[in-house]
Amino acid sequence: MKEDNHEPDSEDEESWALYADASYGQSKVEIEDSSEALESDEEVWYDGDDFEFEGATINWDAPPCPAPLGIEHIIRIGCCNFCVQRLAGRRTASKGEDGGKEIRKEAYQRNTELESTLKNDLCPMCENLFDDVDNIVKRIIEKIGEVDHSTIQLGIHLPKDLVEEEDRIRSRHGSPGSAPLKPSFVNEIQSQLSNLINDITFVKERPDLMILVDGLTLMVDVDIRPVFMYGRYRKLIRNLPQTRWPCRACRGRAEGCESCNQTGLQYPESVQDLIGEPIRISLAAEDTSFHGMGREDIDVRCLGTGRPFVIEIKKPGTRRANLEEIQKAVNDNAENKVEINSLRWANRKEVVKVKESRSEKSYTIRFKVEETPNEEEAIKAISTLSGVELSQETPKRVAHRRAAKNRKRKVVSLSNIIVEGDEIQFSVRCEAGTYVKELVHSDEGRTVPSVRSVLGDKECTVLWLDVEDIHYE
Ligand SMILES: [Zn+2]
Ligand SMILES: [Zn+2]
């Protein structure tokens, strides 16, 4: 073929050398640039006057559609009725395939020889893709099954060379402004789906169902998009983790593990599941994932108006629910352990908002001092911590999962100091991300200053901690 005659010029040789020599990861952009340059060179070269198309010489003198000769031309090169209709630029009584038939009929009447010169080849514009629409629509409907939805986003993957070739022919012979292959194909599928499924809307973002069609293999993938709910939870008991903890012994594998009774869980219950399971069940969903505004330690309660959270409900079978009923179902299920309020619909953006919130938090903390302090002196000393900026090294207890760093956190206010024998309790409001237990016991001097330091380096042991409020909205 003609490729053999192609003499690479010196610039091409250089590009090839660059391509071959470039080491991994280096000048990636350059490599891509040079290969593109090669491609475009080839393209220019292929656009020769004597270009052969399926054995028949293309008449480059044919004017573009909607000129009758242009229409004749696209018929002659083997366009299917769908593509004739979208390229012709003529008004037709029907759309799509039937419109194409009308145009073809007229063209045959104008030129009686046209019909007899045709061969039954693949349509060069779509490779007869439109013939597969029925099949694709059938597959989509099968895949959707009973899943509840009202909006669909449809994505089509087409081979790049088909798209490029279609674009080349269309821009040369199609009527100005004729619809490209991809949107035309998408439209055709959508209009057939609309005929078969009631009450669906096609959208460009945030669909209930994301449907991807591979135009080459005709594979159909239906992705059920998650739904989100926002609420606040109060954790009324200690020794309840916020999220599921995989069993330490089997690392969540569950099977045959005696230590977790084959549940795969270190703790049988979590805030995540106490809230998530009733929701998952009422939406017939596959799973949930829990996004809290920060977390409390397993032994810490969370009171006040509760901690904001967004729950992501994955692959829901239904997307409609009575939120009041769901909130009641959760609260009945988790009675005396967890309680939710303010439940409403949310979206993915709120996950980020909740995760990134830097809301201040208020706590009550109680601890034991190694020797009984003088009440007045202790209150005076601890009060000096109100308003200070803490310097906190990553605590030892979380060092295994957090990078070591030093952070500055402000103690906004500290009040209600109560001294009862060797036990002290106070309320404190801090900047987000403050390690409050460390503020008391100092974590061996890694938090400065601390209650321990202002009490004259007396050892302080935290008895309990409650989150009293999260100051969000
Ligand atoms: Zn076609
Ligand atoms: Zn286990």
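Which residues does Val300 touch, not counting residues up to four places away in sequence? In this predicted model, Val300 touches Leu465, Asp466 and Val467.

## The chain as a whole

The chain has 473 residues, and buried residues make up 30% of them. Its secondary structure comes to 15 helices and 16 strands. Among contacts between residues at least 6 apart in sequence, 68% join residues at least 24 apart.

Val300 lies in the loop between strand E8 (287-292) and strand E9. The residue counts as buried because 21 C-beta neighbours lie inside 10 Å, where 20 or more are required. Val300 and Asp466 are 166 residues apart along the chain, yet 5.4 Å separates their C-alpha atoms. Asp466 is also one of the residues that Val300 touches.

Is Arg170 buried or exposed? Arg170 is buried, since 21 other C-beta atoms lie within 10 Å and the cut-off is 20 or more. Leaving aside residues up to four places away in sequence, Arg170 touches Leu87, Met125, Ser178 and Pro180. The C-alpha atoms of Arg170 and Pro180 are separated by 7.8 Å, and these two residues are 10 residues apart along the chain.

## The nonpolar cores

The largest nonpolar core has 48 residues, of which Ile275, Ile279, Ile365 and Val436 touch the most other members. Strand E9 (residues 301-314) gives the most to this core, with five residues. At least three residues of the core come from each of domain 3 (227-356) and domain 4 (361-470).

What does Ile365 touch, not counting residues up to four places away in sequence? Its contacts are Gln425, Phe426, Val428, Val436, Val440, Val462 and Leu465. Of these, Leu465 is also touched by Val300.

A second, separate core has 33 residues, including Ile74, Ala88, Met125 and Phe185. Met125 is also among the residues that Arg170 touches.

## Helices packing on H5

Helix H5 (residues 96-110) packs with helix H4 (residues 81-88), and the axes of H5 and helix H3 (residues 68-76) also come within 10 Å. The table sets out the two pairs.

| Helix pair | Angle | Axis separation |
|---|---|---|
| H4 and H5 | about 75 degrees | 7 Å |
| H3 and H5 | roughly 110 degrees | within 10 Å |

The angle of about 75 degrees makes H4 roughly perpendicular to H5, because angles of 65 to 115 degrees are classed in this way. On the side of H4, the contact is made by Asn81, Phe82, Val84, Gln85 and Ala88. On the side of H5, it is made by Gly96, Glu97, Gly99, Gly100, Lys101, Ile103 and Arg104. By class, the residues of this contact divide into four nonpolar, five polar and three charged.

Terms used. Residues numbered from 1 in each chain as written. Chains lettered and ligands numbered in written order. Predicted model: local features only at pLDDT ≥ 70, side-chain atom pairs only at ≥ 80, totals over all residues. Axes fitted to C-alpha atoms, helices over the stretch in contact; angles between N-to-C directions. Helix = DSSP H or I, 4+ residues; strand = E, 2+ residues; numbered from the N terminus. Parallel < 35°, antiparallel > 145°, perpendicular 65-115°, else oblique. Contact = placed C-beta atoms within 7 Å. Nonpolar A, V, L, I, M, F, W, Y, C, P; charged D, E, K, R; others polar. Core = buried A, V, L, I, M, F, W, Y, C linked by C-beta atoms within 7 Å. Buried ≥ 20, exposed ≤ 12 C-beta atoms within 10 Å, placed from the backbone. Domains from an automatic or database assignment.
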